[in-house]
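Q: I have a structure open and want to go through it piece by piece. Can you take some quick questions?

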Amino acid sequence: MTPSEPRKKIGIFSHGGVKNLGDEALFAAVLQNVRLRIPNAEVVGFTSNPEDTKQRHGLESFPIRRLERKRTSAGPQQSGVAASQTSSGPTSASAPRGWKQALKSVPGVAAAIRGIRKTQEVLENVLMEPRFLWNSYRSLKGIELILIAGSQQLNDIYGAWEFPFTLYKWSILARLTGTKVAILSVGAGPLSSKMSRVFIRRVLRMCSYRSYRDVISSRLVESIGVKGPNPVYPDLVYGMKLPVPRAVSSDAKSVVVGVNPVPFYDGRYWARPDSARYADYVRKMAKFAEWLDQNGYSTLFFPTQTRADTLTIQDIRSELNGTANSPRMLRGNSIESIDDLLSEIARADLIVANRYHGMLLSLALNKPVLGVAYHEKSRELLEQAGQGEYVVNVADFATEDLISKVKAMHANAAQIKEEIASRIRPLHEALEEQYDAVFGLIGVVPSRVQEN
């Protein structure tokens, strides 16, 4: 870039900012590659929590949807302990609560109150959305290229008006501002509703570039009518130069098994909760941890979604029978950043992970991984790394399945590490090729040509 050329302005779009360190790693990977290819570019973030993005990545950032007003309660993510604490004991509002409860017991009053609140919410949306769209248009104006930073963004788990509609309206705004859109190594599915499929089809047809992180996603978008090319490229985190994990003191004198659980069907997190299935999952993971302790392994629990996973770790620890205070149940360090997470994974010798990026970051650190998969994307990820035999289905696994596979993984750890290393090298090269193509959309010379 010569002094006379204008400074390029690049946007990075993510549903991050919600304490999911997998999404933060994706954002950091894209940012790192922008900096490598266009060192003096002005980079702007578009996320679910722009304040978090500004603090975490040091970028000016804007919201991808209207920010909800703060509520007095912790909402659906509040833990059972926190909920009981906030509701216990006398408060100054106890008297008003009594007459309010009595009023609601009158036939028809509760329904009327709900109707009024719903009407108020609809009116607020109608009145506030145009203002939000205008502000979003202004924030996007002047950006040459916006990069959709991976993750499972093509889904309608929370309905058509969440991820699908958010991507659709930003694609329309990009058309209006003349901003090119590149969708990089995203995951797709589920897309259950007709409206979701309509939104996603239009998003994928409007973008300047698109790719998917697995064959499952590519086939899904083809099945809803998105004609090719629909190329598959590795997850973007494989293209990131990972920070060196910090040295962390450890009193473990045995093989350490890192366990990354997920709030499977937990009502504090899961879109369609099932308390019985969650309780069964917690019992099986606790039984597995007890076996590890009884057989001389040390256990290290760690989250990648630092808000939700931490609650599940607490539940598993509470289920332990007599081993919760064992010296082999290692104390986890605080995890708030990608650096923290990598340093914690580095403490382990073997990994048992539920979350996609819990698996991927462990593979990137050359750790043998057993996946407890709640989606086929995780199975494909492990097959990509040559570890397809080390995976179980979260919906129907038995504790004995984990035990037998961890034994095998421990016995074959050296060979597994060699296989992982050989499989990951080509993935980085494939992502270099993808970034060269994407930045070529705005006239940036491919990195390998620049080096020559």
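Q: Which side chain meets Lys287 in a salt bridge?
A: Glu400 does, with 3.4 Å from N to O. This is a predicted model, so treat the distances as computed values.

Q: Where do Lys287 and Glu400 sit in the chain?
A: Lys287 is in helix 9 (residues 275-294) and Glu400 is in helix 14. They are 113 residues apart, and the pair links distant parts of the chain.

Q: How many salt bridges does a search of the whole structure find?
A: It finds 20. One of them joins Asp309 and Arg355, whose closest N and O atoms are 2.9 Å apart.

Q: Which parts of the chain does the Asp309 and Arg355 pair link?
A: Asp309 belongs to helix 10 (residues 308-319), and Arg355 to the loop between strand 9 and helix 12. The separation is 46 residues.

Q: And is Asp309 buried or exposed?
A: Buried, with a relative accessible area of 0%. Arg355 is buried as well, at 5%.

Q: What about Glu376, which side chain does it meet in a salt bridge?
A: That of Arg379, at 3.5 Å from N to O. Glu376 is partly exposed at 44% relative accessibility, and Arg379 is partly exposed at 24%.

Q: How many bridges pair strand 2 with strand 3?
A: There are 4, in the parallel sense, with strand 2 covering residues 42-47. As an example, Gly45 has Ser61 in strand 3 as its bridge partner.

Q: And the open sheet of 5 strands, what is the order there?
A: 8-7-9-10-11, with parallel pairing. Its edges are strand 8 (298-301) and strand 11 (391-393), each of which has a single partner strand, so one side is left without a neighbour in the sheet. The average twist from one strand to the next is 15°.

Q: How many bridges do strand 9 and strand 10 have?
A: Strand 9 (residues 350-353) and strand 10 (residues 369-373) pair over 3 bridges in the parallel sense. Val352 has Leu370 in strand 10 as its bridge partner.

Q: Which strands does helix 14 touch?
A: Helix 14 (residues 399-411) packs on the sheet and touches strand 9, strand 10 and strand 11. Its direction makes about 155° with that of strand 10. Glu400, from the salt bridge with Lys287, is in this helix.

Q: Back to charges. What is the nearest side chain of opposite charge to Asp156?
A: Arg197, 6.1 Å away. Asp156 is buried and has no salt bridge; a pair has to be within 4 Å to count as one.

Q: Which side chain makes a polar contact with that of Asp156?
A: The side chain of Ser196, at 2.8 Å. Asp156 lies in the loop between strand 4 (145-149) and helix 6 (163-177). Leaving aside neighbours within four places in sequence, its contacts include Pro164, Pro190 and Ser193.

Q: What is the peptide bond from Gly189 to Pro190, cis or trans?
A: It is cis, with omega near -5°. Pro190 is in the loop between strand 5 (180-186) and helix 7 (194-206). The bond from Gly228 to Pro229 is also cis, with omega near 5°, and Pro229 lies in the loop between helix 8 (215-223) and strand 7 (256-260).

Q: Last topic, phi. What is the value for Ser185?
A: About 50°, which is positive although Ser185 is not a glycine. Ser185 is in strand 5 and is buried, with a relative accessible area of 0%.

Q: And where is Asn366 found?
A: In the loop between helix 12 (356-364) and strand 10.

How values were computed:
Residues numbered from 1 in each chain as written. Predicted model: local features only at pLDDT ≥ 70, side-chain atom pairs only at ≥ 80, totals over all residues. Heavy atoms only, no water. Pairing = 2+ DSSP bridges. Helix = DSSP H or I, 4+ residues; strand = E, 2+ residues; numbered from the N terminus. Axes fitted to C-alpha atoms, helices over the stretch in contact; angles between N-to-C directions. Contact = heavy atoms within 4.5 Å. Buried < 20%, exposed > 50% of the residue type's maximum accessible area, 1.4 Å probe, protein only. Lys, Arg positive; Asp, Glu negative; His and termini not counted. Polar contact = N/O pair within 3.5 Å; in protein donor to acceptor, adjacent residues only side chain to side chain.
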